[in-house]
Amino acid sequence: MTLRPSFLDVIDVRKHYGAIKAVDGVSLSVRPGEIVGVIGPNGSGKTTLFNTILGQIKPTGGTVEFCGEDITGMSPLELARRGVGRTFQTLQVFGRLSVRDNLIAAAQESKGTMPGRLFARPDAGLRHRSDEMLGLFRLEHVASLPAGSLSYGQQKLIDIAMAFMPAPRLVLLDEPCAGVNPSLVDELLDLLLALNRTQGGSFVVIEHNMDFIMKLCPHVLCMVEGRVLAEGPPAALQANPQVLEAYLGN
Amino acid sequence: MTRTRLFMLAVALIAFGVLPFFLKSYGLYLLTLFCVYLMATYGLNLTVGYAGQMSLGHAAFFGIGAYHAAILLKLGWPFLLVLAIAAVACFIVGLALGFPALRVQHHYLAFATLGFNVLVFLMMRNEQTITGGTFGISAIPRPSLLGYSLDGAIPFFYFTYASTLTLVALLWWLLRSPWGRAFAALRDNPIRAESLGINITAYTLLAFAIGAACAGVGGVYFAALVGFIEPAPFHFSWSMTMLLAVIVGGSGRFFGPVLGTVIIVLLPEWLRGAQNWYLAVFGFLVVALMVWLPGGLSSIPDRFARKAAK
Ligand SMILES: Nc1ncnc2c1ncn2[C@@H]1O[C@H](COP(=O)(O)OP(=O)(O)OP(=O)(O)O)[C@@H](O)[C@H]1O
Ligand SMILES: [Mg+2]
């Protein structure tokens with residue numbers, strides 16, 4: 001199982017806001033094709049951990065390596081260019097652009113050079129790819145509507161589809177199920193598993209929905225107060241008395 | 001674009017093209033002025049409407065273009081060369097003005113660009129040796145093209161009209177390319193855009209620079225049209241007026257500036273009878289429009305379509 005070397009290595013990352021230790025020495029590693037879950041109570045530092053990995057905020061200490069390269073504190077732009085994608089905890093779509101344009105916008109910058117794109121076809125050669133994703137996420141019927149006019153659940157799907165448009169090597173998903181109705185949660189689960197199988201992507205998923213995490217992630221970390229309290233297979237975590245006390249309750 | 005729309009567009013363009021035959025000289029002047037301002041407002045629509053930036057300094061670029069034209073045309077430089085120089089100069093200054101936008105947004109950016117406009121205005125007024133100060137620069141020659149003089153009002157109108165169409169067509173092509181989508185992504189959600197590999201620094205600067213270059217081009221035609229320039233038309237209040245044209249017309253809509261520019265060029269003429277009440281009436285109309293039609297005049301068809309769909 002440990003034959004393949006890990007390609008995301010987070011080593012002792014810290015983020016302190018004055019006395020608040022939002023992230024306080026977290027290490028984790030992800031191997032190619034692996035899905036890692038992150039759980040923990042509200043305010044335990046999960047989103048902050050993502051943001052430090054993804055260059056949204058500079059860590060107070062620690063290092064992040066991707067494919068053997070030190071990417072600590074790199075800008076989101078540079079990370080996107082290296083094939084690291086993400087979704088945010090809150091909805092982040094381009095409201096006035098059509099659903100299709102949202103998807104194309106998500107991938108067009110990874111094709112060619114900036115001057116080249118000025119002379120490229122309007123769809124940047126991504127028509128086919130966007131059709132594929134629209135089909136996968138069942139968004140064909142709303143493809144030409146402005147993303148901002150759709151329901152929350154639909155926008156959530158667009159948001160996730162956008163992260164996968166450029167076929168990233170690693171995707172960090174911050175609460176993909178939040179605000180999504182139960183039937184859609186099952187669909188989302190199937191989708192992510194399918195994407196993992198067909199495109200070989202690796203994910204790190206923050207989620208409060210334990211059922212979802214159980215089915216999706218073979219390996220889970222539980223964060224409490226900025227630290228990793230426990231990690232292992234989800235079943236083991238569910239049986240761990242410390243995790244039960246800090247997060248899962250009875 | 002559907003075939004009917006294309007047909008309607010062609011009809012509108014031809015109708016506009018034959019208007020000069022029904023107008024007296026002042027009407028023709030206003031028509032040409034309309035084309036001139038259109039170049040500037042189309043540029044501003046890119047900066048503000050498509051890329052979501054804020055600018056209250058557009059009139060400064062219009063002025064920089066106009067002063068370049070006034071000085072260089074009087075030296076006898078060829079028009080197209082002057083045009084290129086003015087566009088490049090404004091592009092570069094526009095890039096520089098884009099830098100504050102990387103750090104601040106919205107009202108802070110409004111003040112930063114407004115400050116820039118005030119600075120440029122003061123330079124135009126005080127650097128008398130170059131700009132002629134408040135006396136301005138007069139006797140600016142009209143260009144000739146391939147040996148054909150454009151002195152007359154009608155030839156100059158057609159020259160300006162063709163130039164405006166060319167500029168608008170270039171912008172249409174640019175906004176249809178992936179760049180246009182990147183600008184819109186920057187406007188709708190810069191943080192998300194950056195996480196998807198969209199170089200928001202480059203696109204922000206370019207949005208200002210391209211918009212500024214369009215204003216500079218408009219300024220060159222302005223100088224050639226009026227033949228005499230002084231600082232007043234480049235005061236920041238004109239930046240507000242241009243911004244108004246973009247917003248009233250429908251910011252981020254391709255044909256928005258057309259309607260908006262009609263309003264800023266023609267409404268003052270129509271309201272002339274109102275004399276001192278002019279500004280009050282104008283202000284009232286704008287407020288009323290923004291309350292009832294926040295999407296601007298060009299959103300009227302959409303609104304009807306939505307009503308019809310219900
Ligand atoms: N910019 C900031 N300044 C000060 N404190 C912050 C800042 N950002 C986050 N924090 C604090 O860091 C802690 C961790 O926040 P974070 O958003 O990472 O939690 P989370 O695990 O994602 O929670 P949730 O499950 O509610 O999304 C919280 O106590 C929060 O108040
Ligand atoms: Mg969070």
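1. Before the bridges come up: two strands count as paired if DSSP finds at least two bridges between them. Helices (H or I, at least four residues) and strands (E, at least two) are DSSP runs, numbered from the N terminus. With that in hand, Val84(A) has Leu170(A) in E7(A) as its bridge partner.

2. Some housekeeping. This is a predicted model, where local features need pLDDT of at least 70 and side-chain atom pairs count only at pLDDT 80 or more, while totals for chains, interfaces and linings use all residues. Residues are numbered from 1 along each chain as its sequence is written, chains are lettered from A and ligands numbered from 1 in the order in which they are written, and side-chain values use heavy atoms, with hydrogens and water left out.

3. Chain A overall. Ten helices and ten strands make up its secondary structure elements. The radius of gyration of chain A (taken over C-alpha atoms) is 18 Å, which agrees with the value near 18 Å that a compact globule of 250 residues would have; the globule rule here is 2.2 Å times the number of residues to the power 0.38. Along the principal axes, the C-alpha atoms fill a box of roughly 55 × 40 × 40 Å. Buried residues (under 20% relative accessible area; exposed is over 50%, partly exposed in between, with a 1.4 Å probe and protein chains only) come to 53% of the 250 in chain A. Of the contacts in chain A (heavy atoms within 4.5 Å) with a separation of 6 or more, 66% are between residues 24 or more positions apart.

4. The six-stranded sheet. In chain A, an open sheet with mixed pairing runs in the order E6-E7-E8-E3-E9-E10. Its edges are E6 (84-86) and E10 (227-232) of chain A, each pairing on one side only. On average, neighbouring strands are turned by 20° against each other, direction ignored. E6(A) and E7(A) (residues 170-174) run parallel and are joined by three bridges.

5. Helices on that sheet. H6(A) (residues 152-164) packs on the sheet and touches E6, E7 and E8 (202-206) of chain A, its direction making about 160° with that of E7(A). Angles here run from 0 to 180 degrees between N-to-C directions, and axes are lines fitted to C-alpha atoms, for helices over the stretch in contact. H7(A) (residues 182-199) also packs on the sheet, touching E3 (35-39), E7 and E8 of chain A, at about 155° to the direction of E8(A).

6. The hairpin end. E9(A) (residues 219-224) and E10(A) pair in the antiparallel sense over five bridges. Met223(A) has Val228(A) in E10(A) as its bridge partner. Two residues sit between the strands of this hairpin, where Glu225(A) takes a positive phi near 50°.

7. The four-stranded sheet. Chain A has another open sheet, antiparallel, in the order E2-E1-E4-E5. E2 (20-30) and E5 (69-70) of chain A are the edge strands, each pairing on one side only. E4(A) (residues 61-66) and E5(A) run antiparallel, joined by two bridges, and Glu65(A) stands opposite Asp70(A) in E5(A). Helix H1(A) (residues 46-53) packs on this sheet, touching E1 (8-17), E2 and E4 of chain A, and its direction makes about 115° with that of E1(A).

8. Worth a click: Ser75(A). Ser75(A) is in the loop between E5 and helix H2 (76-81) of chain A, and counts as partly exposed because its relative accessibility is 23%. Leaving aside neighbours within four places in sequence, Ser75(A) is in contact with Leu54(A), Gly55(A) and Glu194(B).

9. Over to chain B. H3(B) (residues 58-74) and H4(B) (residues 79-103) pack at about 145°, their axes 9 Å apart. By class, their contact has 13 nonpolar, three polar and no charged residues; Ala, Val, Leu, Ile, Met, Phe, Trp, Tyr, Cys and Pro count as nonpolar, Asp, Glu, Lys and Arg as charged, and the others, Gly among them, as polar.

10. The axes of H11(B) (residues 236-249) and H13(B) (residues 278-292) come within 10 Å and cross at roughly 35°. Leu244(B), Ile247(B) and Val248(B) of H11(B) make the contact with Phe282(B), Val286(B), Leu289(B) and Met290(B) of H13(B).

11. Last residue to check. Thr164(B) lies in H7(B) (residues 153-176) and is buried, at 3% relative accessibility. Thr164(B) touches Cys35(B), Leu38(B) and Met39(B), not counting residues up to four places away in sequence.
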